Amino acid sequence: IVLMGVRGRGRSLTKAFCDQPDVNITHVCDVDQNVVDGAYKIIADSGRRKPPLVADLRRCLEDKSVDAVVMGTPIHWHAPGTILACDAGKDVYVEKPASHNLREG
């Protein structure tokens, strides 16, 4: 999976998915390099290798080994990130609200 957005709720989702023994984290995707250390600590504490940090979700979606994206982003990225991932044939975990406004939904 790709962990997209690892601050706040995204960090909690990092822990939740690291608690699953059959989950492989291929990438951490966040535009803010200042917030990834907490997620990397959670990943390391789970015994996993450190995945690469990528700022642009589209680069992660090009990777054929990626099956799914976990959206831990601010609300305004829920719909765009989900649409990009679905268009790339990936599964998506996204929490409510699924979109920022009615038009996006």
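Which residue in β4 does L3 stand opposite? Keep that in mind while reading the notes below.

1. This is a predicted model. Start with its sheet. The sheet is open and has 5 strands. Their order is β3-β2-β1-β4-β5, and the pairing is parallel. The edge strands are β3 and β5 (91-94). Each of these pairs on one side only.

2. Now look at the β1 and β4 pair. Strand β4 covers residues 68-71. The two strands run parallel, and 3 bridges join them. Here is the reply to the opening question: L3 stands opposite V70 in β4.

3. Next, take helix α2, residues 36-45. Its buried residues are V36, A39, Y40, I42 and I43. Seen down the axis of α2, the buried residues fall within an arc of 160°, so they line one face of the helix. The other side of α2 has D37, K41 and D45, which are exposed.

4. Check what comes after α2. The helix is followed by G47. The phi of G47 is positive, near 85°.

5. Finish with helix α4, residues 78-87. Helix α4 lies across β4 and β5. Its direction is at about 165° to β5, and β5 is one of the edge strands.

Key
Residues are numbered from 1 along each chain as its sequence is written. This is a predicted model: local features need pLDDT of at least 70, side-chain atom pairs count only at pLDDT 80 or more; totals for chains, interfaces and linings use all residues. Side-chain values use heavy atoms; hydrogens and water are left out. Buried means under 20% relative accessible area, exposed over 50%, partly exposed in between (1.4 Å probe, protein chains only). Helices (H or I, at least four residues) and strands (E, at least two) are DSSP runs, numbered from the N terminus. The arc is that of the directions from the helix axis to the C-beta atoms. Two strands pair if DSSP finds at least two bridges between them. Contact means heavy atoms within 4.5 Å. Axes are lines fitted to C-alpha atoms, for helices over the stretch in contact, and angles run from 0 to 180 degrees between N-to-C directions.
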